[in-house]
Amino acid sequence: MMRSTCDTIRTRRTVKAAATLLAGALALSLTACGSDDDKSNGTGSGTGTKESGSTLALPKLNGTTLEVAAVWTGTEQANFKKVLAEFEKRTGAKITFVPAQDPIINFLGSKIAGGSPPDVAMLPQPGAIKQAADKGWAKPLGAEAQAQLAKNYSQGWQDIGKVGGKQYGVYYKAANKSLIWYNAKVFENAGASEPKSWKDLLATAQTVYDSGVTPFSVGGADGWTLTDWFENVYLSQAGPEKYDQLAQHKIKWTDPSVKEALTTLAQVWGKKDWIAGGANGALQTEFPASVTQTFTGGEQPKAAMVYEGDFVQVNIADTKSKVGTDAKVFPFPAVGGTAPVVSGGDAAVILKDSKGAQALATFLASPDAARIQAELGGYLSPNKNVDVSAYPNDVQRTIAKALIAAGDDFRFDMSDQAPQAFGGTPGKGEWKDLQDFLKNPSDVAGIQAKLESDAAAAYGN
């Protein structure tokens, strides 16, 4: 049975510095944010190996064909394809993007069983990387890719791509999952202010509700959004040490700290009038719609706030709202003594070892690749050598600075560290259990028991 890879994440001991930086920096940046049209003088997608500022040498791969699998759809997929197109331009290789389904590890299993695995897969969980390595699917990274990682990534981001001391993953995409986005016009009309604490958040929600707008939009049809809500509350309230213990299932989900976090979460989820469409409506709302319904509808949107990571910007771009003016953001408020900093990410993992696959992993570990997608918006790189001027607006630049400044002082998404069966499968495990809790937030003990039963089965202990 696959175990959590949290024991490999050795260097992240505190979230306080990153939380303080993010809170202060966002407060400063949002007073003078530009719109999405506020582009920097970045280098764009470049013109091949002579791209300005590039020091990365890539081999000629004329005649090479590669397949890259990821679960990304819509704008996110389209933007990533532009990165792959640059690799094609520089090397002569041809790449096919293979749309995958969640959970991607199951999708890959069927491809491998059929004898046709993709060359590279973008895996969204450290647990999935470990499972792929344990099954012999994943191939270790070569010297060139490892050199790029050592040059461009903090030790913590390198470590979460390792299994058994070997480097398998390149964390190409990161996420700051400790943000709440809000409709600026609704806040202005209501006389609401950005909250600093959980108590303040509840007061702000009531102010917004009293103005005639539902406070929160929740994408409950996608269970992963609910795990992120829980993780932020739990990390801030229970602290990093307990967070790590729960992530590794060294304490049970019946622990009093889990009860406290769920009870706190029910202060929002338990008020049906505070959630767009109530619990039933939220459970039918997918993540992209949870964002767009917050930033459409003029002065009467379906909700005033939506919680999720920096990638929310991709979906805001599908509306007429502009980040930094119409759509603003504040850090997830402190529930305990310190505001949480929860991160996520997607790692490139090689499944068919070849010169071309290794070259692509090397490219994705370089600033050259990350800069292309950074300029397109809705993307965050853990690569410390990506110039923040590449990001398209002040909000995104500030979030990027905070992530890099945090170094190893963050906590990776808990459900992404768990075995796939518990933390990463639609309709099962933690995803399903928290959907049930959204439906009935009064049954804290019942949900704790179900979470523990499912966790014990998945972790094997």
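My entries follow, pocket first.

I'm working from a predicted model, where local features need pLDDT of at least 70, side-chain atom pairs count only at pLDDT 80 or more, and totals for chains, interfaces and linings use all residues. Numbering runs from 1 along each chain as its sequence is written, and side-chain values use heavy atoms, with hydrogens and water left out.

I looked up the largest pocket and got a volume of about 940 Å³. Of its 38 lining residues, Val-71, Glu-76, Asp-102, Trp-224 and Phe-287 are the closest to the centre. A pocket here is an open set of points on a 1 Å grid over the protein atoms alone, where a 1.4 Å probe fits, with protein on both sides within 12 Å along at least five of seven lines; lining residues have an atom within 4 Å of a point. Helix 9 gives the largest share of the lining, four residues.

**Helix pair.** Next I checked helix 9 against helix 20: their axes come within 8 Å and cross at roughly 75 degrees. The two are therefore roughly perpendicular (65 to 115 degrees).

**Backbone.** I found a cis peptide bond from Asp-102 to Pro-103, omega near -10 degrees. Pro-103 sits in the loop between strand 2 and helix 3. I also noted His-249, a non-glycine residue with a positive phi, near 60 degrees. Is His-249 buried or exposed? His-249 is buried, at 6% relative accessible area (buried means under 20%, exposed over 50%, with a 1.4 Å probe and protein chains only).

Conventions
Points joined across faces, edges and corners; volume = space filled by probe spheres on them. Axes fitted to C-alpha atoms, helices over the stretch in contact; angles between N-to-C directions. Parallel < 35°, antiparallel > 145°, perpendicular 65-115°, else oblique.
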